[in-house]
Amino acid sequence: MLSILIGSVVIFVFGAFWFTVLFGKTWAKLMDFNPAGDAQAKKMGMVKPLILNFLLNVVVASVLYSIFHQLFVLDIFDFFKSVFIIWLGFSFPIYANAAVWERKSWKLVLINCGQSLISFFILSTVIYLMQ
């Protein structure tokens, strides 16, 4: 249970770094996201979305934790391989559909997919090491 909480915090911090320092300006432009100029975003603030984001990270961490033993992994590399296959089969297609149906740019898809994949690997590492 502790690995779920720690993993959730770690990927939350990583996501904040990814979407601010590394790709913040590019991501915001591609998303047409401007909280300073958006009256609704000003009213709502960033607190509620950040709390919801953290809770969703807890869901991801809980699911990954719950399937860990069912994957019968021998070492962390087996776990990484399994997590990559899960990401490729579930997470990547959802992000790719944003380009296909919502006409989002593939650059945005790659930024979002990159964050998702690295978060999965970080979370896998935390869960594996805390077993």
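Modeller: Let us begin with Phe 19, which is partly exposed at a relative accessible area of 23%. In this scheme a residue is buried under 20% relative accessible area, exposed over 50% and partly exposed in between, with a 1.4 Å probe and protein chains only. Trp 27, at 18% relative accessibility, therefore counts as buried. This is a predicted model, in which local features need pLDDT of at least 70 and side-chain atom pairs count only at pLDDT 80 or more, while totals for chains, interfaces and linings use all residues. Residues are numbered from 1 along each chain as its sequence is written, and side-chain values use heavy atoms, leaving out hydrogens and water.

Colleague: What kind of aromatic pair do Phe 19 and Trp 27 form?

Modeller: Rings of Phe, Tyr and Trp (for Trp, the six-membered ring) pair if their centres lie within 6.5 Å, and planes under 30 degrees apart are stacked, those over 60 edge-to-face, and the rest tilted. The count by this rule comes to ten aromatic pairs. Phe 19 and Trp 27 form a tilted one, with 5.1 Å centre to centre and 55° between the planes. The rings of Phe 77 and Phe 80, by comparison, have centres 6.4 Å apart and planes at 80°, so that pair is edge-to-face. Phe 77 and Phe 80 are three residues apart in helix H5, which means that about one helical turn separates them. Phe 77 is exposed, at a relative accessible area of 61%, and Phe 80 is partly exposed, at 21%. Elsewhere, Phe 14, Trp 18 and Phe 23 form one aromatic cluster.

Colleague: How many helices and strands does the chain have?

Modeller: Helices (H or I, at least four residues) and strands (E, at least two) are taken as DSSP runs and numbered from the N terminus. The chain has six helices and zero strands, and its C-alpha trace spans about 50 × 30 × 20 Å along the principal axes. Of its 131 residues, 31% count as buried.

Colleague: How should I check a helix, and what does the check give for H4?

Modeller: The expected span is 1.5 Å times one less than the number of residues. Helix H4, with 22 residues (47–68), should span 32 Å, and its end C-alpha atoms are 32 Å apart, which agrees. H1 has 21 residues and reaches 28 Å from its first C-alpha to its last, close to the 30 Å expected.

Colleague: Which residues of H1 are buried, and why do they lie on the same side?

Modeller: An α-helix has 3.6 residues a turn, so residues three or four places apart point the same way. In H1 the buried residues are Ser 3, Ile 4, Gly 7, Ser 8, Ile 11, Phe 14, Gly 15 and Trp 18. They cover an arc of only 135° around the axis, which puts them on the same side of H1; the arc is that of the directions from the helix axis to the C-beta atoms. The face turned away from this buried side carries the exposed residues Leu 2, Val 13, Thr 20 and Val 21. The cover over the buried residues of H1 includes helix H2 (24–31), H4 and H6.

Colleague: What is Ser 8 in contact with?

Modeller: Contact means heavy atoms within 4.5 Å. Ser 8 is buried, with a relative accessible area of 0%, and, leaving aside neighbours within four places in sequence, it is in contact with Phe 54, Asn 57, Val 58, Ala 61 and Leu 123. Two of these, Asn 57 and Ala 61, are buried in H4, as are Leu 64 and Phe 68. The four cover an arc of only 65° around the axis, which puts them on the same side of H4.

Colleague: Which residues touch the most other members of the largest nonpolar core?

Modeller: A nonpolar core is a set of buried Ala, Val, Leu, Ile, Met, Phe, Trp, Tyr and Cys residues joined through side-chain atoms within 4.5 Å. The largest has 16 residues, of which Leu 64, Phe 68, Phe 79, Val 83, Trp 87, Leu 123 and Ile 127 touch the most other members. H1, H4, H5 and H6 each give two or more residues to this core, and H6 gives the most, with six. Apart from it lies another core of six residues, among them Phe 14, Trp 18, Ala 28 and Ile 111.
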